[in-house]
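Subject: Structure handover

Hi,

Here is the structure I promised to pass on. Could you load it first and then read my notes below?

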Amino acid sequence: MADKKTRDHRYLAAAAVILVMIAAALCLRKSVQKTALTETAGRTFEKGIVTEIVTDNMQEDGIRVGEQTVMIQMTTGDLKGQQIKATSSSGFLFGTACEKGTHVIVIQSRAGNETVSSVYSRDRGLSLILFILLYFALLCLIGGRQGFHGSVSLVLSFVSIIYVYLPLVYIGWSPFASAVMICAFITVLSFILISGLTRKSFTAAAGTVAGVVMAGITAFFFSAVTGLSGYNVSDIETLITLWDVDGIQVGSLLFSGILISSLGAVMDVSMSVTSSMEEVLRQNPGIARGELLRAGLRVGKDMMGTDSNTLILAFAGSSLSMLLLDYAYDLPFLQVINSNNIGLALMEGLSGSFGVVLCMPVTAFLASLFLPGREGS
């Protein structure tokens, strides 16, 4: 009976948090007035199926050069059901190597009565959706109720970033402050779904927020010492347009991104340390706070190495193409270590790892203060 009551409280609390998010998203939707950055009048993206290769661009050596000319049966848009002629580039960023039966996305640009069509990419929407659904199915199958809660938390985290965080930044809020708020929201929601309204949940949430904030502060110090900032990113020229047109604080996006990207690892450490300390307390209710703190620190030390590796390797993996180019060109060490791209990658990886490391003692200290006093909370 107590377990059922706990679950009811958990779901009510999670529902309340979700309703707050939905209300915020609806209010922001009315507040955001986007400024058009490019002319899109008369241009649409539609689906179609390649029915014929009119002109191929395959050379004798097996390399594609130039464009294909193809016939496409349109399945959406004003020309749905009609056969149209389109071109498909051989580039890696746009277009695709078409074959008969390939499902594609078509850019249609209309001017007056004339429509120019070209293949934008392969239609991979269904494949992406199926992989996402497969992941959620495995999560629920293996994790049971907790896996389902994790799925709900993941979906709501993504929705909160897209429909709350981005609109807040767009209307001029500080990206860093907005990221802290979103991280706190995601953390509280996730931990409520996992453990309900308990001391463990709020202790772990407090440790997580402290960890991600310290990751951001570390990034600020790193920026001050190295001279690197959010204005050194590769797409700054495009971002400056947002700054000029809408007043978006693009320089802080780098630091807020570090907070969001480190959140998962920090949550993992914080909840694991708190859960371990709660279990120690359950097995030994009379344990002294100091001994409980030392037990939490011992558990946390074992986790720090692996979770720090997670962030460092994640950022290194995302930079592999850049590292390979540096290796292939045999660039001097001084050039590589002082390049903006390498510096930013190190800032992201190290700042997130600082958050993981510093989160552990903070969480252990908070747990030693708040967990004792109510067994099984």
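By nonpolar core I mean a set of buried Ala, Val, Leu, Ile, Met, Phe, Trp, Tyr and Cys residues joined through side-chain atoms within 4.5 Å. Buried stands for under 20% relative accessible area, exposed for over 50%, and partly exposed for anything in between (1.4 Å probe, protein chains only).

Two bits of housekeeping. This is a predicted model, where local features need pLDDT of at least 70 and side-chain atom pairs count only at pLDDT 80 or more, while totals for chains, interfaces and linings use all residues. Residues are numbered from 1 along each chain as its sequence is written, and side-chain values use heavy atoms, with hydrogens and water left out.

Now the cores. The largest one holds 62 residues, and Val164, Leu189, Val269, Val273, Met277 and Met347 have the most contacts inside it. Elements giving two or more residues to this core include α1 (2–31), α2 (125–170), α3 (175–195) and α10 (340–370); helices (H or I, at least four residues) are DSSP runs, numbered from the N terminus. The top contributor is α6, with 13 residues.

Skipping its neighbours within four places in sequence, Leu189 is in contact (heavy atoms within 4.5 Å) with Ala14, Val17, Ile18 and Leu156.

On to the charges. I count a salt bridge when a side-chain nitrogen of Lys or Arg is within 4 Å of a carboxyl oxygen of Asp or Glu, and a search of the whole structure turns up 7 of them.

One of these pairs Lys200 with Glu278, at 3.4 Å from N to O. It ties together distant parts of the chain, as Lys200 sits in helix α4 and Glu278 in helix α6, 78 residues apart. Both ends count as buried: Lys200 has 14% relative accessibility, and Glu278 has 8%.

Glu291 has two partners. With Arg294, the closest N and O atoms are 3.1 Å apart; with Arg298, the N to O distance is 3.3 Å. Glu291 and Arg294 are 3 residues apart in helix α7, so about one helical turn separates them. Relative accessibility is 31% for Glu291, 45% for Arg294 and 46% for Arg298, which makes each of these residues partly exposed. Elsewhere, salt bridges with shared partners join Lys200, Glu278, Glu279 and Arg282 into one network.

Cheers
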